[in-house]
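Subject: Structure for you to look through

Dear colleague,

Please find the structure below, together with its sequence. Once you have it open, read on, and follow each part of the description on the model as you go.

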There are 2 protein chains.
Amino acid sequence: MHIAMVLYDRFTALDIVGPYEALSRIPDARVDFVAETAGPVRADTGFLSLVADRALADVPHPDVVVVPGGPGTFTELENEKLLDWLRTADATTTWTTSVCSGSLLLAAAGLLRGRRAASHWLTLDFLPQYGAEPTADRVVVDGKYVTGAGVSAGIDMALTLVGTVAGDEHAQAVQLLTEYDPQPPYDAGSPLKAPAHLVEEFRTDSRFTLA
Amino acid sequence: MHIAMVLYDRFTALDIVGPYEALSRIPDARVDFVAETAGPVRADTGFLSLVADRALADVPHPDVVVVPGGPGTFTELENEKLLDWLRTADATTTWTTSVCSGSLLLAAAGLLRGRRAASHWLTLDFLPQYGAEPTADRVVVDGKYVTGAGVSAGIDMALTLVGTVAGDEHAQAVQLLTEYDPQPPYDAGSPLKAPAHLVEEFRTDSRFTLA
């Protein structure tokens, strides 16, 4: 199973590293980090680069595509080279997936028309303009399209996919190995649970880099 | 607040990217990814490199140190250059932290003598030989030493630290931004919860790269 993990300027690192940590442990998985040009790609905060070992053009037919989100998403929505690659790759993928605002890129490529999709809670509302149906679930599976909500949801998205592809027991083994027994010290991880004024603040004037 | 995130050959990527995603959002945080030599550093599966922008020697006095785990830990236990750097840095840190088997490196540097510490469930038993007290909690705070359990526990470790450093509300905002509302599709994330035969299999003959 050949997995292409897409990088672009100002992606959110956890969006892609969460899924990578689970999907790379599918038996016989081969993973390529890819970007328009091979080389280091800077994440959103500016402090971290991940290396794309190969250029998009060199990986035209992966079995699985994973597209992260991040503030850079909005620039890439205009990047026809990336959108074209997504269309071409999707024509032969087994699974086409995204995390966070990455679903906007799948949608902008025309791949989610009439389909339900997740996205970061702050970017869900952008999906309908591309004909996709925004769905406020953490992981949404619609045919071969598997989309996750914001940032950390990529871990749940990927573990769901590992179970489907490699079986429940293998997915449990991956969960055990990555000790994924989350115990967040707060319960503010969704707009329904966080203090309302924080949700409002993000909606009107983000103090943080939009993930 | 100057944060040094340590990389070494065959680290586990999520161990360091989980904490980075939270800690880099502390107000006025400055993050340096560091390694013995600046440049790309290969993670454990062999598919991904993160870039160390600076060499250890160039970042002698960070405020916070984060040490990831991974199968490479066992090689680094013999790396006196890294252990020396940890001792020097620790002399002036506000917080010295680790994820997963990274606590073995803090312990081998002599920093956890008489202290409680977390580690990956498969590496907890190595702590006593360095005088540390293995503690099967997800996040352990003992003085300025904050250690997390395996891989994904780094997110909980970091969010705990964000709350301590920047206040509960800021930590909640970071949790909301990263949509950290975990919903694992299985409940096998600890040796107490996973099927017993999987736990036994890992203990005797790991099918996976040890994280």
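In this predicted model, 73 residues of chain A are in contact with 73 residues of chain B. Of the interface residues of chain A, 100% are also interface residues in chain B, so the copies meet through the same surface. The size of an interface is often given as the accessible area lost when the parts come together; between chain A and chain B the buried area is about 6300 Å², and carbon and sulfur atoms give 62% of that area.

How are the two chains placed relative to each other? Chain A is superposed on chain B by a rotation of 180° with 0.0 Å of shift along its axis, and the RMSD is 0.0 Å. The two copies are thus related as by a two-fold rotation axis.

The contacts across the interface come next. The rule finds 44 residue pairs in polar contact between chain A and chain B, with both residues at pLDDT 80 or more. On the side of chain A that touches chain B, at least two residues each are supplied by several elements, including helix H1 (13-23), strand S3 (39-42), strand S4 (49-52) and helix H7 (196-204) of chain A. The largest share of that side, 10 residues, comes from H6(A).

Side chains of opposite charge can pair when their charged atoms come close. The structure holds 26 salt bridges over all chains, and across the interface of chain A and chain B the rule finds six. In one salt bridge, Arg42(A) is paired with Asp53(B), and the closest N and O atoms are 2.9 Å apart. Arg25(A) forms a salt bridge with Asp44(B), where the closest N and O atoms are 3.2 Å apart. Since Arg25(A) lies in the loop between H1 and S2 of chain A, while Asp44(B) lies in the loop between strand S3 (39-42) and strand S4 (49-52) of chain B, this pair joins two chains.

Turning to the fold of chain A, you will find an open sheet of seven strands in the order S5-S2-S1-S6-S7-S11-S10, with mixed pairing. Strand S5 (54-55) and strand S10 (139-142) of chain A stand at the edges with a single partner strand each, so one side of each has no neighbour in the sheet. S10(A) pairs with strand S11 (residues 145-148) of chain A in the antiparallel sense over four bridges, and Val139(A) has Gly148(A) in S11(A) as its bridge partner. Helix H3 (residues 80-90) of chain A packs on the sheet, where it touches S1, S2, S6, S7 and S11 of chain A, and its direction makes about 150° with that of S6(A).

In chain B, seven strands also form an open sheet with mixed pairing, in the order S5-S2-S1-S6-S7-S11-S10. Strand S2 (residues 30-35) of chain B pairs with S5(B) in the parallel sense over two bridges, and Val34(B) stands opposite Arg54(B) in S5(B). Helix H5 (residues 153-166) of chain B lies across S6, S7, S10 and S11 of chain B, and runs at about 160° to S7(B).

With best wishes

Terms used: Residues are numbered from 1 along each chain as its sequence is written. Chains are lettered from A and ligands numbered from 1 in the order in which they are written. This is a predicted model: local features need pLDDT of at least 70, side-chain atom pairs count only at pLDDT 80 or more; totals for chains, interfaces and linings use all residues. Side-chain values use heavy atoms; hydrogens and water are left out. Two strands pair if DSSP finds at least two bridges between them. Contact means heavy atoms within 4.5 Å. Axes are lines fitted to C-alpha atoms, for helices over the stretch in contact, and angles run from 0 to 180 degrees between N-to-C directions. Copies are superposed by least squares on the C-alpha atoms of residues with pLDDT of at least 70 in both. Buried area is the accessible area (1.4 Å probe) that two parts lose on being put together, summed over both. A salt bridge is a side-chain nitrogen of Lys or Arg within 4 Å of a carboxyl oxygen of Asp or Glu. A polar contact is a pair of N or O atoms within 3.5 Å; within protein, one must be able to donate a hydrogen and the other to accept it, and residues adjacent in sequence count only if both atoms are side-chain atoms.
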